[in-house]
Amino acid sequence: QIDFYDAGRIATSTMAHSLAIQRVKIAGLTKGWTDWISSRKLRQIATKDKMKWLQIPDALATSPHAKRIAFEIEKTIKTPKRYQVILSNYAKMFLDKTVYEVFYICPENIAKRLERLFSNIDKIIVDGKSYPLHENVLKRIRFLSFEEWNNIIE
């Protein structure tokens, strides 16, 4: 699948994000990751099954150990409230076995800040009910710099 961009009609940040996703995918493919699905394709799949796809990652792939991993490419930090919603959605998706883990791939200066931000979330909302955040949910989210991802051995 090829995305076409009309110069002047797309933000440079969107282009940079798309290129970052492609770099993550290329590094993954060279390490034996398979079945890459883009967020665009996932959105199409999700419209048919909204209960399963509460969160649409930037990409989805199968690790060399046959685990479905969601990829989030972060170039900037969102609000803590937004991450609480994202974490709640992924917690449900872990329970439903939609995805096994989430890899946040970010610039090095963001990866550690993001990890701290997530570790400060103490509750999640699942199916309209508030629950204390269980450590097993956080264990399934990894924060890696682009360099760490490029050097990862899975």
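Colleague: What should I know about numbering and thresholds first?

Modeller: Residues are numbered from 1 along each chain as its sequence is written, and because the model is predicted, local features need pLDDT of at least 70, side-chain atom pairs count only at pLDDT 80 or more, and totals for chains, interfaces and linings use all residues. Side-chain values use heavy atoms, with hydrogens and water left out.

Colleague: How do strands of a sheet pair?

Modeller: They pair through backbone hydrogen bonds, either parallel or antiparallel. Here, two strands pair if DSSP finds at least two bridges between them. Strands (E, at least two residues) and helices (H or I, at least four) are DSSP runs, numbered from the N terminus.

Colleague: What is the strand order here?

Modeller: The order is β1-β2-β3-β4-β7, in an open sheet of 5 strands with mixed pairing. β1 (34-38) and β7 (141-145) stand at the edges, each with a single partner strand, so one side of each lacks a neighbour in the sheet. From one strand to the next, the twist averages 25°.

Colleague: Which way do β2 and β3 run, parallel or antiparallel?

Modeller: Antiparallel, with 4 bridges joining β2 (residues 59-62) to β3 (residues 68-73). Leucine 60 has alanine 70 in β3 as its bridge partner.

Colleague: And in which sense do β4 and β7 pair?

Modeller: In the parallel sense, over 5 bridges. Isoleucine 105 stands opposite leucine 144 in β7.

Colleague: How many residues of β7 are buried?

Modeller: 4 of the 5, so β7 is largely enclosed by the rest of the structure. Buried means under 20% relative accessible area, exposed over 50%, and partly exposed in between (1.4 Å probe, protein chains only).

Colleague: Which helices lie across the strands?

Modeller: Helix α2 (residues 39-48) lies across β1 and β2, at about 80° to β1. Helix α4 (residues 108-119) lies across β4 (101-106) and β7, at about 160° to β7. Axes are lines fitted to C-alpha atoms, for helices over the stretch in contact, and angles run from 0 to 180 degrees between N-to-C directions.

Colleague: At what angle do α3 and α4 pack?

Modeller: At about 75°, with their axes 10 Å apart; helix α3 spans residues 80-95. The two helices are therefore roughly perpendicular to each other (65 to 115 degrees; under 35 is roughly parallel, over 145 roughly antiparallel, the rest oblique).

Colleague: Which residues meet there?

Modeller: Pro80, Tyr83 and Leu87 in α3 meet Leu114, Leu117 and Phe118 in α4. Contact means heavy atoms within 4.5 Å. By class, this contact has 6 nonpolar, no polar and no charged residues. Ala, Val, Leu, Ile, Met, Phe, Trp, Tyr, Cys and Pro count as nonpolar, Asp, Glu, Lys and Arg as charged, and the others, Gly among them, as polar.

Colleague: Where are they, and are the partners buried or exposed?

Modeller: Lysine 78 bridges to glutamate 74, with the closest N and O atoms 3.0 Å apart. Lysine 78 is partly exposed at 33%, while glutamate 74 is buried at 3%. Aspartate 96 bridges to lysine 92, at 3.2 Å between the closest N and O atoms. Aspartate 96 is partly exposed at 39%, and lysine 92 is buried at 17%. Lysine 139 and glutamate 135 meet at 3.5 Å, N to O. Lysine 139 is exposed at 55%, and glutamate 135 is exposed at 51%.

Methods:
Salt bridge = Lys/Arg side-chain N within 4 Å of Asp/Glu carboxyl O.
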